[in-house]
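Okay, thanks for coming, everyone.

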There are 2 protein chains.
Amino acid sequence: MQDILRQHIEKIVSLSDEEFAFVRTHFTAKKFKKHQFLIQEGEPVKYFYFVVSGLLKLVHTDNTGKEHIVSFAMEDWWESDFYAFYTQTAATLSLECVEDTEVLCLLLKDYKKLCDDLQKMERFFLEKSNYGFIGSQRRIISWLTSNSKERYEQLLKQYPSLVQRVPKSLLAAYLGVSRETLSRLSP
Amino acid sequence: MQDILRQHIEKIVSLSDEEFAFVRTHFTAKKFKKHQFLIQEGEPVKYFYFVVSGLLKLVHTDNTGKEHIVSFAMEDWWESDFYAFYTQTAATLSLECVEDTEVLCLLLKDYKKLCDDLQKMERFFLEKSNYGFIGSQRRIISWLTSNSKERYEQLLKQYPSLVQRVPKSLLAAYLGVSRETLSRLSP
């Protein structure tokens with residue numbers, strides 16, 4: 001489990017054995033079953049999660065009780081209700097397992113401590129955040145310019161393995177279309 | 001002009017006079033007239049821009065030639081085709097002045113140098129990037145859950161001064177609605 005995190009970080013910054021050992025002490029491993037919640041709307045958000053295995057969905061539930069999927073997270077991805085985590089306010093989103101999932105959990109104080117004590121980790125998080133921002137910007141452009149068929153094709157091209165693993169009803173909630181519309185797009 | 005940048009940075013990290021003088025040497029001041037382009041689609045993206053005064057629009061033009069506004073930037077905001085800047089690839093977006101605009105320009109090598117040489121600046125950019133990501137995520141949630149009337153009201157609540165300054169046709173291109181629809185929303 002440690003190797004996955006190390007390989008992931010070392011795609012951006014290289015770490016000595018001592019440095020990685022120091023980084024690793026800040027994370028706690030947890031396992032969750034399919035349908036379990038890591039974050040519940042209205043509750044405090046303790047952790048920033050690194051996904052070791054499995055699949056999560058980050059969900060916004062609207063006033064009518066309808067679920068909208070903000071993002072998915074699978075192996076090698078980070079996920080949280082990031083605003084609530086970063087500002088230590090109550091969650092407005094929920095984070096739920098689509099499959100059995102193993103994560104490494106990082107407290108905000110340890111996120112900050114890692115950035116303070118090891119500049120390489122601040123560089124790592126800066127790079128992840130910049131690419132997270134770029135990814136969100138692309139999704140906004142996709143919403144502005146593409147119809148649902150095009151958005152489905154873009155998702156399929158960008159994340160083919162994700163599309164295979166995610167139930168169609170969840171893909172529809174991510175793309176902002178009905179289950180019936182999605183069926184016509186993906187025969 | 002220097003004070004605006006310093007005040008902006010010091011909302012997140014405090015700098016000594018020497019540190020700010022060092023930071024300031026990495027920026028070049030430029031002035032642009034209304035309708036001038038800072039970034040043109042297909043061209044290299046040299047700079048990350050800090051807006052000192054004025055108003056910019058970041059635009060994606062689709063295959064039919066229609067303009068979609070990805071974001072606006074006014075005083076105290078950062079803007080660029082960030083993917084193209086960060087990866088030093090050709091712009092897929094354009095950045096154009098909605099008003100006469102003064103900016104401070106930062107090259108990628110100087111962005112990296114500032115992060116390397118002054119950890120406070122890396123912390124500053126990490127914080128800005130995290131809030132940029134959070135802002136984009138909120139806009140995605142807004143698209144997933146809200147109709148055009150609600151999106152307009154959210155924009156009005158979040159950025160009242162922006163809505164006053166931006167021509168209605170550009171607001172429509174930001175909200176993804178027609179000019180006629182926007183007129184019905186904002187009598």
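So, let's begin with how the copies meet. Of the interface residues of chain A, 100% are also interface residues in chain B, so the two copies come together through the same surface. Keep in mind that this is a predicted model.

Now the core. Which residues have the most contacts inside the largest nonpolar core? They are A:Tyr111, A:Phe125, B:Tyr111 and B:Phe125, in a core of 92 residues.

Next, over to chain B and one of its sheets. This is an open sheet of 4 strands with antiparallel pairing, and the order reads β1-β8-β3-β6. At the edges of that sheet are β1 (27-32) and β6 (78-79) of chain B; each has a single partner strand, so one side of each has no neighbour in the sheet. For β6(B), the pairing with β3 of chain B, residues 47-53, is antiparallel and runs over 2 bridges. If you want to find that spot on screen, look for B:Tyr49, whose bridge partner in β6(B) is B:Glu79. Then there's helix α4 of chain B, residues 108-117, which lies across β1, β3 and β8 of chain B and runs at about 70 degrees to β8(B).

Last stop, chain A and the annotation. UniProt, in an unreviewed entry, lists residues 11-71 of chain A as "domain: Cyclic nucleotide-binding". Over that stretch of chain A the chain is 13% helix and 46% strand, with the end C-alpha atoms 22 Å apart.

There's also a hairpin to look at here. Strand β4 of chain A, residues 55-61, runs antiparallel to β5(A), and 7 bridges join them. One pair to pick out is A:Leu56, opposite A:Ala73 in β5(A). Between the strands of this hairpin there are 5 residues, and A:Gly65 takes a positive phi near 90 degrees. And is β5(A), residues 67-74, mostly covered or mostly uncovered? Mostly covered: 7 of its 8 residues are buried.

That's what I had, so over to you for questions.

Conventions
Residues are numbered from 1 along each chain as its sequence is written. Chains are lettered from A and ligands numbered from 1 in the order in which they are written. This is a predicted model: local features need pLDDT of at least 70, side-chain atom pairs count only at pLDDT 80 or more; totals for chains, interfaces and linings use all residues. Side-chain values use heavy atoms; hydrogens and water are left out. A nonpolar core is a set of buried Ala, Val, Leu, Ile, Met, Phe, Trp, Tyr and Cys residues joined through side-chain atoms within 4.5 Å. Buried means under 20% relative accessible area, exposed over 50%, partly exposed in between (1.4 Å probe, protein chains only). Contact means heavy atoms within 4.5 Å. UniProt positions are given in the numbering used here, feature names are shortened, and annotations may be inferred rather than shown by experiment. Two strands pair if DSSP finds at least two bridges between them. Axes are lines fitted to C-alpha atoms, for helices over the stretch in contact, and angles run from 0 to 180 degrees between N-to-C directions.
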